[in-house]
Amino acid sequence: MKKLVLVRHGQSEWNLSNQFTGWMDVDLSENGVQQAIDAGKKIKEAGILFDVCYTSVLKRAIKTLHYVLEYSDQLYLPEYKTYRLNERHYGALQGLNKEQTAEKYGADQVKLWRRSYDTLPPLLEADDPKSSTNHRAYSKLETSSIPMGENLKITLERVLPFYEDNIVKALKEGKNVLIAAHGNSLRALVKHLDKLSDDEIMEVEIPTGQPLVYELNDDLSVAKKYYL
């Protein structure tokens, strides 16, 4: 039975400081590095061997992938990076402290921004220094493809075409696939795989550094799902 394993990156420096991160390219915290190492060890202990790996273009996910591969003895595997697996873009919230933002706007509003399916955060202006429009990682993209803010619905619309065109193809070829990405890009995939409603996905939280294993039938329906 083919396996798809999802790993949210280890704790980042802004996870630690309780800031909205989104497309800001922050590093792993010391604890995040250890979480990624432990994820690799769990995968090795479970005897899961991969054929191909995917990650975002953000270093906290890339480094997590590399630690996972190193500590599961699979660093030789091919890996592919794409902005389509980036974290949800948090717009003008990026860099703000979550607790302070809740004090300013109210906890219910912040929960809506963080967890709802179709509520947009406050959007960035195109000339904002936090915009990704001038970042070299996105230089080959049309400006219209670079978001100023996203909800989970838009994130899913970004992630799903890449999943269907690349990851589904690999799975149908019988390959085991590892994806190291982010809380919301992985929530988008979980919504799709588990056929969750817009309301159900609001309650889903994916912990950092914990491998989530999907065992899939030939038609890619979910036979079994569990955390290592």
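This is a predicted model: local features need pLDDT of at least 70, side-chain atom pairs count only at pLDDT 80 or more; totals for chains, interfaces and linings use all residues.
**Strands, helices and rings**

Reader: How many bridges join β2 to β4?
Author: β2 covers residues 52-55 and β4 covers residues 177-181. The two run parallel.

Reader: How many bridges join β2 to β3?
Author: C53 also has a residue opposite it in β3, namely E79. β2 and β3 run parallel. Strands pair if DSSP finds at least two bridges between them. For β2 and β3 the count is three.

Reader: What is the order of the strands in the sheet?
Author: The sheet is open and has six strands, with mixed pairing. β3 and β6 (222-227) are the edges, each with a single partner strand, so one side of each has no neighbour in the sheet. On average, neighbouring strands are turned by 15° against each other, direction ignored. The order reads β3-β2-β4-β1-β5-β6.

Reader: What angle does α3 make with β4?
Author: Helix α3 packs on the sheet. Its contacts (heavy atoms within 4.5 Å) reach β1 (2-8), β2, β3 and β4. Axes are lines fitted to C-alpha atoms, for helices over the stretch in contact, and angles run from 0 to 180 degrees between N-to-C directions. For α3 and β4 the angle is about 140°.

Reader: Are the residues of β2 buried or exposed?
Author: V52 and Y54 point one way from β2. C53 and T55 point the other way. Buried means under 20% relative accessible area, exposed over 50%, and partly exposed in between (1.4 Å probe, protein chains only). V52, C53, Y54 and T55 are all buried.

Reader: What is the relative accessible area of L77?
Author: L77 sits in the loop between α3 (59-71) and β3 (79-81). Leaving out residues up to four places away in sequence, L77 touches F50, D51, C53 and L69. L77 and D51 are 26 residues apart in sequence, yet their C-alpha atoms are 6.5 Å apart. L77 counts as buried because its relative accessible area is 7%.

Reader: How is the ring pair of Y54 and F162 classed?
Author: Rings of Phe, Tyr and Trp (its six-membered ring) pair if their centres lie within 6.5 Å; planes under 30 degrees apart are stacked, over 60 edge-to-face, the rest tilted. Y54 in β2 and F162 in helix α6 (residues 152-172) are 108 residues apart in the chain, and both are buried. Their centres are 5.7 Å apart and their planes stand at 80°, so the pair is edge-to-face.

Reader: Is α4 roughly parallel, roughly perpendicular or oblique to α5?
Author: The axes of α4 (residues 98-105) and α5 (residues 107-115) come within 7 Å and cross at roughly 125°. Under 35 degrees counts as roughly parallel, over 145 as roughly antiparallel, 65 to 115 as roughly perpendicular, and the rest as oblique. That makes α4, relative to α5, oblique.

Reader: At what angle do the ring planes of Y105 and W113 stand?
Author: Both residues belong to the contact of α4 with α5. Y105 is partly exposed, at 42% relative accessible area, while W113 is buried, at 7%. The ring centres are 5.1 Å apart. The pair is edge-to-face because the planes stand at 75°.

Reader: Which residues form a cluster of ring pairs?
Author: The whole structure holds six aromatic pairs. Ring pairs link three residues into a cluster: W23, Y83 and Y138.

Reader: Is α6 roughly parallel or roughly perpendicular to α7?
Author: Helix α7 (residues 183-194) lies across β1, β4, β5 (212-216) and β6. α6 and α7 pack with axes 9 Å apart, at an angle of about 70°. That makes α6, relative to α7, roughly perpendicular.

Key
Residues are numbered from 1 along each chain as its sequence is written. Side-chain values use heavy atoms; hydrogens and water are left out. Helices (H or I, at least four residues) and strands (E, at least two) are DSSP runs, numbered from the N terminus.
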